[in-house]
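Q: Please show how the features of a structure model are read, one after another, with a case for each.

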Amino acid sequence: MTDQSYHDAEEILMAFAVEPEHDLGTLERYLRLYPELAEDLIDLSMELRLQRATVDVSEPVDEAWIEASLADFHAAAPARPAAQGADPFAAVASDELVTLRRSLDVPSSVIQGFRSRTVDIATVPAGFLADLARGLRTGVGELNAFLAGPPRLTPGLSYKSDHAPSADGGKVTFETLLEQCRVPEDRRRQLLKPRN
Amino acid sequence: MQTRKVERLTKRKRDGTPYTRRVEVEIALTSLVHLSRDEILERLKVRDPTSPNHVQSECIVYLIRATRDDNDERYFNELYRELMRRLASALPRVEGERAGGPENVDGADARDRVRDIFRLRLVEDRAAPGSALDYFEVMFSSAVAALRKTSMGRARRQMARRDAIDDEESGEPSIAVEKAVGSLDVQQELLSDDPNYRFKVAKAIRTLPDKQRRVIEMLLQRMPIDSIDDDVLTIRKVLGVKSEKTVRNRRDAAIATMREQLGIGSRND
């Protein structure tokens with residue numbers, strides 16, 4: 001058997017497997033179309049029947065078997081950028097950021113402070129971080145990993161300046177960021193207050 | 001928030017129409033794509049398939065394929081682990097395989113092969129998006145069964161030449177077989193209320209010789225054993241044997257073996 005016929009056989013068996021019904025009509029149709037695969041089709045028909053009959057029988061899973069496969073996957077998968085620094089803002093559209101800003105009740109410059117990583121993460125209350133992560137559809141862990149990186153120029157923003165902007169100004173506390181962004185004092189206090 | 005779209009499948013059927021996911025999978029995906037990763041990972045911990053928060057395997061395939069341009073290894077790894085647990089569950093247990101014999105392949109080898117082929121498909125899908133994994137989003141466990149069949153087929157064909165020509169073409173079943181056959185409604189046995197008993201029946205069927213098991217499947221599908229009408233597809237014709245007697249002999253031998261394995265006495269007991 002050639003590689004091509006292996007491939008064809010697999011496609012046919014896959015197509016049969018995902019048919020919505022596995023009654024005599026379906027089996028006959030495949031047997032007539034692909035008589036050379038009769039044995040495989042009948043075997044698969046029986047296997048699907050047995051799978052349905054035992055679907056509720058649970059069995060212990062061999063985690064080592066799974067970990068071995070995961071290790072093999074990473075060994076074979078194409079190299080990817082390092083996980084640290086995955087940008088949770090990258091996949092979020094600008095109108096979504098506006099919605100997020102409104103739901104958090106902060107000016108857009110506060111969101112930019114996070115996006116450019118100028119805020120010191122240690123000074124941000126956990127509740128606010130969790131809300132921000134949820135709004136970005138990411139996890140708090142991922143957001144933390146991103147924010148731990150050095151300050152950067154906010155992507156996609158234009159600067160009206162004679163000098164090229166730099167991102168080496170160091171990090172500021174969440175409180176300073178809120179002050180710089182002219183968040184009213186009442187709202188500042190609310191945002192800085194730890195939640196129960 | 002913007003609505004996140006669920007990508008359509010691209011694999012096409014023989015008639016050119018595209019494959020689609022089952023309605024319940026589409027509905028689940030539509031809400032899953034709006035969850036944060038932490039929320040999805042929490043959902044993966046739900047083991048009870050009847051829970052509304054249980055993530056169907058087809059959805060996990062979609063989610064893991066969607067991480068193609070992603071570098072969040074933690075999220076990917078958890079999806080991968082859970083998907084492999086589902087894959088393991090969809091495969092028959094190792095002890096369900098018949099050990100040795102020219103027609104059977106060792107069960108553990110089959111499981112490893114399916115796992116490794118699936119992994120390769122996933123690597124390929126990430127490097128160059130294709131449609132090979134679409135089947136797993138239509139019906140995950142069935143696609144796993146098909147992959148298992150294909151992977152076993154390759155090994156089996158290598159051994160097929162050692163398969164002896166059977167001598168079932170003629171002759172009567174042995175007296176022992178005749179005595180043991182009695183009546184056994186396999187269909188009913190597989191519908192037992194007791195899941196452990198159903199597992200036992202499935203095991204007994206899986207360990208039958210291939211030729212006998214195939215006869216049982218065709219009988220369960222209510223395919224006629226033989227017919228004078230040339231247009232009717234019959235078990236005899238599918239098997240390519242000369243006599244319907246061969247079919248009956250295989251059926252009787254299979255029933256006798258199953259009765260013995262299930263501890264069901266013969267009618268003469």
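**Reading the model**

Q: Is Glu19(A) buried or exposed?
A: Burial is judged by relative accessible area: under 20% is buried, over 50% is exposed, and values in between are partly exposed (1.4 Å probe, protein chains only). Glu19(A) is buried, because its relative accessibility is 18%. The model is predicted: local features need pLDDT of at least 70, side-chain atom pairs count only at pLDDT 80 or more, and totals for chains, interfaces and linings use all residues. Residues are numbered from 1 along each chain as its sequence is written, chains are lettered from A and ligands numbered from 1 in the order in which they are written, and side-chain values use heavy atoms, without hydrogens and water.

Q: Where does Glu19(A) lie, and with which residues is Glu19(A) in contact, leaving aside its neighbours within four places in sequence?
A: Helices are DSSP runs (H or I, at least four residues), numbered from the N terminus. Glu19(A) belongs to the loop between helix H1 (3-17) and helix H2 (24-33) of chain A. With contact meaning heavy atoms within 4.5 Å, the partners of Glu19(A) beyond those neighbours are Thr26(A), Arg29(A) and Tyr30(A).

Q: How is an aromatic pair described?
A: Two values are given for such a pair: the distance of the centres and the angle of the planes. Rings of Phe, Tyr and Trp (its six-membered ring) pair if their centres lie within 6.5 Å; planes under 30 degrees apart are stacked, over 60 edge-to-face and the rest tilted. There are 13 aromatic pairs over all chains. One of them joins Phe16(A) and Tyr30(A), which are edge-to-face at 5.0 Å centre to centre and 70° between the planes. This pair links helix H1 to helix H2 of chain A, across 14 residues. Phe16(A) is buried at 1% relative accessibility, and Tyr30(A) is buried at 6%. Together with Tyr34(A), Phe16(A) and Tyr30(A) make up one aromatic cluster.

Q: How many salt bridges does the structure hold over all chains?
A: A salt bridge has a side-chain nitrogen of Lys or Arg within 4 Å of a carboxyl oxygen of Asp or Glu. The structure holds 44 of them over all chains. In one, the closest N and O atoms of Asp131(A) and Arg134(A) are 3.3 Å apart; both residues lie in helix H7 (residues 126-135) of chain A, three residues apart, about one turn of the helix. Asp131(A) is partly exposed at 24%, and Arg134(A) is partly exposed at 48%.

Q: Which parts of chain B does the salt bridge of Glu58(B) and Arg22(B) link?
A: Their side chains meet at 2.7 Å, N to O. The pair links helix H3 (residues 57-65), which holds Glu58(B), to the segment before helix H1 (23-32), which holds Arg22(B), 36 residues apart. Glu58(B) is buried at 6%, whereas Arg22(B) is partly exposed at 26%.

Q: How many residues does each chain give to the contact between chain B and chain A?
A: Chain B gives 79 residues and chain A gives 70 residues. The buried area, which is the accessible area (1.4 Å probe) lost by two parts on being put together and summed over both, is about 6,700 Å², with 58% from carbon and sulfur atoms. Between the chains there are 15 salt bridges. Among them is the one between Asp43(A) and Lys149(B), at 2.9 Å, N to O.

Terms used
Helix = DSSP H or I, 4+ residues; strand = E, 2+ residues; numbered from the N terminus.
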